[in-house]
Amino acid sequence: MSTEPNLPPKKLGRPFKNPVDDVVTQRTRNSRLLSSCQGPHDFVSQHDPWYSHACSKCGGMVTKQQYHWYQIGIHHGLHAINYPAPTTK
Ligand SMILES: [Zn+2]
């Protein structure tokens, strides 16, 4: 008498495409696009339920929150260039 449970036989390969893999692949590709951009990004708004803006240079996409914080970072960076920190004597 066998002690193994009565399981269905394993099928080789994947019977259907995993949608999670598609999301991971898309996000990895998007991250690589954004990281490889010469910058600064030139974000333009787009009609997408998740990614509100896309860079016209690299094609990377960001959410509304990411776009907001990127613009604040650019603003602060330009402010630092125009008004450098005082030097100590
Ligand atoms: Zn870009």
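## Overall picture

Of the 89 residues of the chain, 8% count as buried. The model is a predicted one. Its secondary structure consists of two helices and three strands, arranged along the sequence in the pattern α-β-β-β-α. Among the contacts in the chain with a separation of 6 or more, 22% are made by residues 24 or more positions apart.

## Helix H1

Helix H1 covers residues 19–36, which is 18 residues. From its first C-alpha to its last, H1 reaches 26 Å, close to the 26 Å expected at 1.5 Å a residue. The helix is hardly covered, and the count of buried residues among its 18 residues is zero.

## The sheet

The three strands form an open sheet in the order S1-S2-S3, with antiparallel pairing. Strand S1 and strand S3 are the edge strands, each pairing on one side only. In general, the strands of a sheet pair through backbone hydrogen bonds, either parallel or antiparallel. Here S2 and S3 pair in the antiparallel sense over two bridges. Ala54 stands opposite Met61 in S3.

| S1 | 43–45 |

## Two loops

The loop between H1 and S1 holds Pro40. A cis peptide bond joins Gly39 and Pro40, with omega at about -10 degrees. As background, most peptide bonds are trans.

Is Lys57 buried or exposed, or does it fall in between? Lys57 counts as partly exposed because it has 14 C-beta neighbours inside 10 Å; a residue is buried at 20 or more and exposed at 12 or fewer, so a count between these limits is partly exposed.

Which residues does Lys57 contact, leaving aside its neighbours within four places in sequence? They are Cys37, Gln38, His41 and Asp42. Gly39, one partner in the cis peptide bond, is 18 residues from Lys57 in sequence, and the two are 7.9 Å apart in space, C-alpha to C-alpha.

Terms used
Residues numbered from 1 in each chain as written. Predicted model: local features only at pLDDT ≥ 70, side-chain atom pairs only at ≥ 80, totals over all residues. Helix = DSSP H or I, 4+ residues; strand = E, 2+ residues; numbered from the N terminus. Contact = placed C-beta atoms within 7 Å. Pairing = 2+ DSSP bridges. Expected span 1.5 Å × (residues − 1).
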